[in-house]
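Visitor: Could you walk me through this model and tell me what lies behind the words you use for it?

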Amino acid sequence: MHKVIYDTDPGVDDAMALLFLHRHPEIDLLGITTVFGNASVETTTRNALFLKREWNIPAPVSKGASVTIDSARAERPWPAMVHGENGLGDIDVPETIDLALDPRPAHRFIIDTVRAHPGEVRLVAVGRMTNLALALKEDPEIATLAKDVVIMGGNFYVPGNVSPVAEANIHGDPEAADIVMTAPWKVAVIGLDVTAITTMSRSYLGEMAARGDKAVKQLDALSQSYIDFYKHAVEDGMMVHDSCACVYAVAPELFSSISGAVRVVCGGIADGQTIVRRDGRHFPPDGAWDGLPSQIVCTGIESERVLDLIRNTLLAA
């Protein structure tokens, strides 16, 4: 069993990934930590509680960061055109959910859970990296105690989706992402190089909904406006960004990768760009790169097998 903390900003594709983690037989979902990104942290936390209630997910929900780790950064508008005003495709979601939150802030929940299960906890982070960076700042030793970190974010050999060079999750808090990438733990980066070519058609999702239970039908409903948004890039379908990271957690053999030190550009016209210095390449000494951990960067994916694993897992209830 993989013990997982899911760090998320629900979010339409976050919702699909959450249902995947909840239903996969090899995942022990220890907690859901929320962060701002696809909407305010108040909205993403409400959405996490809503999905927990609707889908009978036992894992606790812990509310996380509401601003970037560098408080001087100006907040950008929420991407309502992508995920809807309420973050869940504008399906009917109550203003409040009558479920209790874990009393700890997300970064403290991460620290406590990692320390309670040394060497076992995998952090699957599919939003901004702020909670993880805050946990590292408060307790750097967790980098040696976590099993590993799997993130959805970044782009290396393909264009960005919020600027020519940057992906949204990393661009949303580049300083936090750089802290996470350069910490002495193992990070697997599942970015646009693989997620942008892994698309689920409206009909594929619709067939899942026809065969599935209430949760899958609800997932289909909240995904419709998200699919509409993607018409500029995908023919009647959507990129399943966050679910790809969750699939990597249980089936890394469906991905190909390179390894090397990863840094994030913080500021300027390349703000949020992710750069890998591949292992085996030699450069003059450079304090910005030397002595950093080698991370995994996914560059290839067996998209059809990934989609089939998502479908089979969601329909397994």
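Guide: Gladly; we will go from the whole chain to single residues. This is a predicted model, in which local features need pLDDT of at least 70 and side-chain atom pairs count only at pLDDT 80 or more, while totals for chains, interfaces and linings use all residues. Residues are numbered from 1 along each chain as its sequence is written, and side-chain values use heavy atoms, with hydrogens and water left out.

Visitor: What makes the radius of gyration of the protein chain agree with a compact globule?
Guide: The radius is taken over C-alpha atoms, and the globule rule is 2.2 Å times the number of residues to the power 0.38. For 317 residues a compact globule would have a value near 20 Å, and the protein chain has 18 Å, so the two agree. The C-alpha trace spans about 60 × 45 × 40 Å along its principal axes.

Visitor: How many helices and strands does the protein chain have?
Guide: There are 13 helices and 11 strands. Helices (H or I, at least four residues) and strands (E, at least two) are DSSP runs, numbered from the N terminus.

Visitor: Why is Val61 called buried?
Guide: Buried means under 20% relative accessible area, exposed over 50%, and partly exposed in between (1.4 Å probe, protein chains only). Val61 has a relative accessible area of 0%, so Val61 is buried. This residue lies in strand S3.

Visitor: Which residues does Val61 touch?
Guide: Not counting residues up to four places away in sequence, Val61 touches Ile32, Thr34, Thr45, Ala48, Leu49, Lys52, Leu101 and Asp102. Contact means heavy atoms within 4.5 Å.

Visitor: What makes Glu75 partly exposed rather than buried?
Guide: Glu75 has a relative accessible area of 38%, so Glu75 counts as partly exposed. Glu75 is found in the loop between strand S3 (61–62) and helix H3 (80–83). Leaving aside neighbours within four places in sequence, Glu75 is in contact with Phe36 and Arg128.

Visitor: Where does Glu75 lie relative to Asp173?
Guide: Glu75 and Asp173 are 98 residues apart in sequence and 9.8 Å apart in space, C-alpha to C-alpha.

Visitor: What covers the buried residues of H4?
Guide: In helix H4 (residues 106–116) the buried residues are Ala106, His107, Phe109, Ile110, Ile111, Thr113 and Val114. Their cover includes strand S1 (2–8), strand S2 (27–34), S3, strand S4 (121–125), helix H5 (130–138) and helix H6 (142–145).

Visitor: How much of the protein chain counts as buried?
Guide: Of its 317 residues, 59% count as buried.
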